[in-house]
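Please take a moment to look over the sequence and the model below before reading on. The paragraphs that follow begin with the overall layout and then turn to particular parts.

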Amino acid sequence: MPATTELERMLRGAALRVTRPRVAVLAAVHDHPHADTHSIIGLVREDLGEVSQQAVYDVLSALTGAGLVRRIDPPGSVARYESRVGDNHHHVVCRSCGAIADVDCALGTAPCLTASDDHGFAIDEAEVVYRGLCAECSAARSS
Ligand SMILES: [Zn+2]
Ligand SMILES: [Zn+2]
């Protein structure tokens, strides 16, 4: 996890005022990639004590809007957040426990998938959700 000074530098770099909730949320997302809002609220409360859900929602939306955090919405799952932004990577989702891991782009730059028909859109992003069973769930099934 980046040091607090590094997190503060990132906030200032994105023209966001440095506040304790913002630093705590950014730290939680860096430390727990693909965490959902509920877990992030828990982590921030461990760090700062009582913080309202709405405050955490507001911070997540500010950080996402500023491009410091990426929001992903896997179909059938609640929104997740991660600090790995700007590289258009994909995700593999476990069908059983919901675990999520990163999958690098096939070609490195966004979008790494060429649409067979772009319908005239200027496409700049493509996201694939791979589904299956994670290693732990596969092991549990076969034992
Ligand atoms: Zn699993
Ligand atoms: Zn990711």
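The protein chain in this predicted model contains five helices and six strands. Read from the N terminus on, these elements follow the order α-α-β-α-α-β-β-β-β-β-α. Along the principal axes, the C-alpha atoms of the chain fill a box of roughly 50 × 45 × 25 Å. Of the 143 residues in the protein chain, 34% are buried. If we take the contacts in the chain with a separation of 6 or more, 45% of them are between residues 24 or more positions apart.

We can now look at how two of the helices meet. Helix H2, which covers residues 20–31, packs against helix H4, which covers residues 53–65, at an angle of about 70 degrees and with 10 Å between their axes. Because angles of 65 to 115 degrees count as roughly perpendicular, H2 is described as roughly perpendicular to H4. On the side of H2 the contact is made by Pro21, Arg22, Val25, Leu26 and Val29, while H4 contributes Val56, Val59, Leu60, Ala62 and Leu63. Sorted by class, the contact of H2 with H4 has nine nonpolar residues, one charged residue and no polar ones.

Which residues coordinate the zinc ion (ligand 1)? Cys94, Cys97, Cys134 and Cys137 do so, each through its SG atom, at 2.2 to 2.3 Å. The spacing of these donor residues in sequence is C-x2-C-x36-C-x2-C. The arrangement around the zinc ion (ligand 1) is tetrahedral because its four donor atoms subtend angles of 104 to 112 degrees. Cys94 has a relative accessible area of 5%, so this residue is buried.

Are His89 and His91 buried or exposed? Since buried means under 20% relative accessible area, His89 counts as buried at 0%, and His91 is likewise buried, with a relative accessible area of 2%.

Methods. Residues are numbered from 1 along each chain as its sequence is written. Chains are lettered from A and ligands numbered from 1 in the order in which they are written. This is a predicted model: local features need pLDDT of at least 70, side-chain atom pairs count only at pLDDT 80 or more; totals for chains, interfaces and linings use all residues. Side-chain values use heavy atoms; hydrogens and water are left out. Buried means under 20% relative accessible area, exposed over 50%, partly exposed in between (1.4 Å probe, protein chains only). Donors are N, O and S atoms within 2.8 Å of the metal (3.2 Å for Na, K and Ca); water is not among the atoms, so sites may look incomplete. Four donors count as tetrahedral if all angles lie between 85 and 135 degrees; four count as square planar and six as octahedral if opposite donors are over 155 degrees apart and all others between 65 and 115; anything else is irregular. Axes are lines fitted to C-alpha atoms, for helices over the stretch in contact, and angles run from 0 to 180 degrees between N-to-C directions. Helices (H or I, at least four residues) and strands (E, at least two) are DSSP runs, numbered from the N terminus. Angles under 35 degrees count as roughly parallel, over 145 as roughly antiparallel, 65 to 115 as roughly perpendicular and the rest as oblique. Contact means heavy atoms within 4.5 Å. Ala, Val, Leu, Ile, Met, Phe, Trp, Tyr, Cys and Pro count as nonpolar, Asp, Glu, Lys and Arg as charged, and the others, Gly among them, as polar.
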